[in-house]
Amino acid sequence: RKAEARRNWPRWTDRSLLKSFADPKELQRDGDPALLSPRERRAAWLSFHRSSGCRMETCFDFSRCERHGFKVFTYPQERGQPVSETYGKILSSIERSRYHTPNPEEACLFILSIDTLDRDHLSGQYVRDVDEKIRGFPLWNGGRNHLIFNLYSGTWPSYTGELGFDIGQAMLAKASFDTQSFRPGFDVSIPLFSKDHPQRGGDRGWLYQDSVPPKKKYLLVFKGKRYLTGIGSGTRNALHHIHNGKDIISLTTCKHGKDWEKHKDTRCDKDNVDYERFDYQELLHNSTFCIVPRGRRLGSFRFLEALQAACIPVLLSDGWELPFAEVIDWGRAAVVGSERLLLQIPSAVRCIHPERVLAFQQQTQFLWDAYFSSVDKIVHTTLEIIKDRLSPHRSRSRFLWNALPGGLLVLPDFSTHLGDFPFYYLQQGYSPSEKFTAFIRVVSQAGSLSQPILRLIQAVSGSKYCAQIVVLWSCEKPPPPSGKWPQSAVPLTIIQGSGKLSERFFPFEAIQTDAVLSLDEDTSLSTSEVSPRSRLPRLLSAHHRAVPMSPRPAGAAVIPSRRSPRWVTLQWVTPQWYLPAGLRELVDGLAACEDILMNVLVAAVTKLPPIKVTQRKQHKEGVAQQAEAKGTAGSRRLSQRQDCLNQLADWFGSMPLVSSQLRLDPVLFKDQVSVLRKKYPSLEK
């Protein structure tokens, strides 16, 4: 009882015992958790300063990455070791990536199975004795070539960046990183995201073409907690000074925590009433700028919320190393303010020109969709940044990271020259070649050259825009000798395939052009139909219909073929080695799925619908074929295609296909327009 009395005396709220020179509501309440002991503080200090000088050249073993390339190994999960839902998503994202390896001998980078996301020792998800556990790992090696993920560090009242264990020479992928402890070129700053953040896919941004004017109802808004005391309270306590109730709305509430009434000040009651008058989501939708002040830590959830809502973030968090700032130019998507100059923020944002405002909003949508809308994208961006450091001469430029379609979808392994990617043709003034390669896949069980194949080769080779013909022979029997193939005006190359459908997406070395006309063996096309459509590569680049997942990104012009709804696809082929293994296995396992995958890839990357081009010739199928299509075989095929689409939507996390009513018909076939008004009147003969 005496010990308790000594610990609780003097009671700062008891003015009869000791006069207080501070407002009792602003002082530390009785029973607050104890601070770290001197020994714990010294251990945390040593942990930070011992590794503060790390760089890739001094704390990373490049030799581990030379033989097998950039491979990532995740430690196996130990029995009884708790893992939070969020950390489980991170591990799952790594295992789904193209860099994951189950063999530690091949690994260049290692990820702990111990959950290190929440290092607040007051949290229920705090994992204890991490030092002791990691020292027992034979692969730890002082943290060398290890990456540690963290979202919450430190605890009340200082909320420092301490993790509570010695990270050694490991890299940190950390939220709320401060610039003083951040090691440039070694650590990675990631955004703070909630446990409800989607694993993959994610919701799209709120800004749509021609849907939102640059100037909205409110100019500048904030709605959130106000801390009466402690770190982070200064800025939020001052936000009421810029509130005018008209175009600037700044709402705070003291009503949070268990004993908020004990500490409330004279403004709390009025603030709480005003706070309930506005809906947070409505403010996001109807404001041009959103204030993103620091909380107890430097980062906050509202940063990603503002990005998604196309509400330009106004950052008030001095010393915050912004997420992925190593590659992302935040000056094009956010306004970085100073906590000390809060009162100048309204006049500063009013001076931004409307065109510049719209550019900011568009960039927020691009960054949200490219890097932040899912845990997968956050984790994969982190890995790609580290991978680029291993080969600076082959790394992506900041232009590639900050322009559509984004750094995750452009491979520096292929090229870093903008002219090799069709996305930048218009921006850089490049012109794609008008020549294309006809790529014909043959799967006939007969193993011989049928009449449809011979007619198709003759028709395609007659086009002046056809540079070569490549036949992928996927039959069990070997291809016929060269003397059996028809003579053509262009080179004819035969490639022996393995029978897998996913081979259609492989960039064979024999293909010498950017544009590829991918055909089924039973496709019926005339030379006149092929020639005008050779202009589609230029058209596709103008409409951004290219899938940037490859050296030869997949295009989007598709022509209905005889076996409807199969398609003849004018494409830039997506390479098999980049296409995730899950998608390749899906295409190989399900019949009639490769054309759906091509359409989904186009829509997922460009956010635009594929361009459908109608076919001029009409085919008459026999009665038996029509009956079969309407019977069991047709039903089974439809079921397979539905299953394929459902599995693709599950893999992407959402339905990537975009609704459209556009139909591109360059020959205006079957219409009431006079032949004299058509650009290609000879096709009607």
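Is Gly224 buried or exposed?

## Basis of the model

This is a predicted model, in which local features need pLDDT of at least 70 and side-chain atom pairs count only at pLDDT 80 or more, while totals for chains, interfaces and linings use all residues. Residues are numbered from 1 along each chain as its sequence is written, and side-chain values use heavy atoms, with hydrogens and water left out.

## Gly224 in strand β6

Gly224 is buried, with a relative accessible area of 4%, where buried means under 20% relative accessible area with a 1.4 Å probe and protein chains only. Gly224 belongs to strand β6 (residues 218-225), strands being DSSP runs of E with at least two residues and helices runs of H or I with at least four, numbered from the N terminus.

Leaving aside residues up to four places away in sequence, Gly224 touches Arg236, Leu251, Thr252, Thr253, Tyr275 and Arg302, contact meaning heavy atoms within 4.5 Å. Tyr275 is 51 residues from Gly224 in sequence, and their C-alpha atoms are 8.5 Å apart.

## Strand β14

Six of the six residues of strand β14 (residues 515-520) are buried, so the strand is largely enclosed by the rest of the structure. Ala515, Leu517 and Leu519 point one way, whereas Val516, Ser518 and Asp520 point the other way. Strand β11 (residues 436-442) runs parallel to β14 and is joined to it by six bridges, with Phe439 having Ser518 as its bridge partner; pairing requires at least two DSSP bridges.

## Helices α20 and α22

Asp595, Ile596, Leu597, Val600, Leu601 and Ala604 of α20 meet Arg641, Cys644, Leu645, Leu648 and Phe652 of α22.

Terms used: Buried means under 20% relative accessible area, exposed over 50%, partly exposed in between (1.4 Å probe, protein chains only).
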